[in-house]
Amino acid sequence: MDEEALFDEKQYLGRDWSWISVRLILALFCFVAYYINWEHVVSQQLFFIVGVGILLVSIIMLYMVSYRTLVTPTHLILSGLWTTSLVKIDLNSIVAVEKKAYSTFFFNNPVYNLHKAGKVRFYSGGKEAVWLTDKDGLIYVIGSQHPSQLFQAIEKARLKP
């Protein structure tokens, strides 16, 4: 990448607060069941192992990169987790840029390059997203922890001669 980066962000798979809460509640349930279950030693050990497993997986997911967003003066580049393909969006083909809510749901699953109903979604966490519309009418929804900076970087790159 020879071009200068106007915006660079890494989205992590396990850092969305709603899913962290779900994992911690599940682990707490396992530890409470471990404490209450005194008569059955085998199931008591199983609850403890599952609770510790949930905590370990949760810690590993905190450092697992889901995708990276990079805005250069000419392109928006999204590179995903491990074997996913690189998505390169030409900013000259973008006709509209909006910053608005990603979804009305409280829990949103992380997605990368999900094509559904004329939209291409990229999301790991955050409440807001940048919505890009290209010349063909295809809408790109890019979730971000810093949607204002992403929006400003895309606008700056589009308006640059």
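The legends below describe close-up views of a predicted model. Residues are numbered from 1 along each chain as its sequence is written, and side-chain values use heavy atoms, with hydrogens and water left out. Local features need pLDDT of at least 70 and side-chain atom pairs count only at pLDDT 80 or more, whereas totals for chains, interfaces and linings use all residues.

View 1. The strands (DSSP runs of E, at least two residues, numbered from the N terminus) follow the order 1-2-3-4 with antiparallel pairing, where two strands pair if DSSP finds at least two bridges between them. Strand 1 (7-12) and strand 4 (87-90) each have a single partner strand and stand at the edges, so one side of each is left without a neighbour in the sheet. From one strand to the next, the twist averages 10°, with angles running from 0 to 180 degrees between N-to-C directions of axes, which are lines fitted to C-alpha atoms, for helices over the stretch in contact.

**View 2. The pairing of strand 1 with strand 2.** Six bridges join strand 1 and strand 2 (residues 65-71) in the antiparallel sense, and F7 has V71 in strand 2 as its bridge partner.

**View 3. The lining of the largest pocket.** Strand 6 (residues 111-116) gives the most to this lining, with three residues; the lining residues, which have an atom within 4 Å of a pocket point, include Y102, F105, N108 and R121. A pocket is an open set of points on a 1 Å grid over the protein atoms alone, where a 1.4 Å probe fits, with protein on both sides within 12 Å along at least five of seven lines.

Definitions and conventions. Helix = DSSP H or I, 4+ residues; strand = E, 2+ residues; numbered from the N terminus.
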